[in-house]
Amino acid sequence: MKIIKDRLVHGAAAIALTCSLGATQSFAADIEHFSLGTAGQTGVYYVVGQSICKLVNRNTEEHKLRCSAPSTGGSIANLNSMRTGGLNFGLVQSDWQYHAYHGTSSFKDIGPYKELRSVFSLHSDIFTLVTRTDANISSFDGLKGKRVNIGNPGSGQRATMLTLMKEAGMEVSDFKLAGELKSAEQAQALCDNKLDAFVMVAGHPVAMIKEATSTCDTHIVDVTGSAVDHLIKEYPYYSYGTIPGGMYEGTPNDVKTYGLKATLVSSTETSDKVVYNLVKTVFENFDRFKRLHPAFANLDPKEMISAGLSAPLHPGAIQYYKERGWIK
């Protein structure tokens with residue numbers, strides 16, 4: 001009788017386990033997965049993407065959505081991947097959102113991306129030039145003849161650098177070395193004296209820049225002059241910017257430079273449900289979201305739904321913004 005009883009117990013347990021697995025598999029089958037492209041793991045874009053996905057995934061059982069935010073090559077890589085169906089969302093600089101939608105600059109050959117849709121904008125991305133003090137670089141023009149990391153192919157950093165270089169009449173051949181390191185590799189290369197300078201386009205403070213400025217003798221250089229003035233006058237997505245003095249070691253005074261907006265974009269291929277729930281999650285947890293990085297401290301929802309956005313708003317985002325009374 002004991003053997004029979006044990007068999008009954010084990011049989012009941014097996015049935016319960018099978019039912020449990022079936023329920024789990026059924027729940028998993030109901031989940032819709034989507035992806036959000038970021039940039040290098042040391043930058044603010046990666047923090048933004050991971051933060052959004054963590055907020056979304058807290059309520060997966062409710063809305064049946066699951067978000068992932070892989071590290072990518074940056075703005076242009078995100079836009080290209082979205083266009084071919086590899087990503088549902090991408091974090092991109094406002095200038096490259098404009099160029100992708102209109103089919104200009106780096107997107108001239110491929111043509112306008114008319115399926116691109118805006119979701120919201122975020123913090124200001126500031127063009128930042130970090131130099132070794134012993135390189136004696138005091139301006140953007142001073143980079144000529146130096147070892148400069150211009151950024152990895154596909155990154156907004158590199159594309160923005162090339163745009164400013166063109167405006168300033170500067171060629172890659174003007175540098176002693178034009179590095180293509182990813183953002184995570186720049187600080188060590190600078191402090192190992194393999195570079196004289198690197199550029200970055202990001203919201204401040206940036207952990208990688210803190211690493212460089214606290215590890216070796218560096219300073220951050222003003223990026224001003226007629227080339228910058230013309231870019232700001234000519235293109236609506238650029239504006240003057242300042243990096244506060246004392247934020248980084250070696251730079252006690254304010255740094256004058258320029259920048260643009262970080263933006264979150266999607267496409268007409270992404271469903272209204274997915275976009276609506278992502279937007280709702282961010283704005284209904286807005287105080288929590290703003291605490292995730294110092295660059296988010298001054299975010300204003302009403303500015304976020306218009307500033308730096310060139311592509312039309314996604315219908316899923318419009319639905320939520322109308323519910324909140326932010327747009328008619």
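This report describes aromatic ring pairs and their surroundings in a predicted model.

Local features need a pLDDT of at least 70 and side-chain atom pairs count only at pLDDT 80 or more, while totals for chains, interfaces and linings use all residues. Residues are numbered from 1 along each chain as its sequence is written, and side-chain values use heavy atoms, with hydrogens and water left out.

Rings of Phe, Tyr and Trp (its six-membered ring) pair if their centres lie within 6.5 Å, and planes under 30 degrees apart count as stacked, over 60 as edge-to-face and the rest as tilted. By this rule the model holds 18 aromatic pairs, including the edge-to-face pair of Y276 and Y320, so classed because the planes stand at 70°. Y276 belongs to helix α10 (residues 272–284) and Y320 to helix α13 (residues 315–323), so this pair ties together parts that are 44 residues apart in sequence; helices are DSSP runs (H or I, at least four residues), numbered from the N terminus. Both Y276 and Y320 are buried, where buried means under 20% relative accessible area, exposed over 50% and partly exposed in between (1.4 Å probe, protein chains only).

| Pair | Centre distance | Plane angle | Class |
|---|---|---|---|
| Y276 and Y320 | 6.0 Å | 70° | edge-to-face |
| Y321 and W326 | 6.0 Å | 35° | tilted |

The C-alpha atoms of I318 and Y276 are separated by 8.2 Å, although the residues are 42 apart along the chain.

Notes
Helix = DSSP H or I, 4+ residues; strand = E, 2+ residues; numbered from the N terminus.
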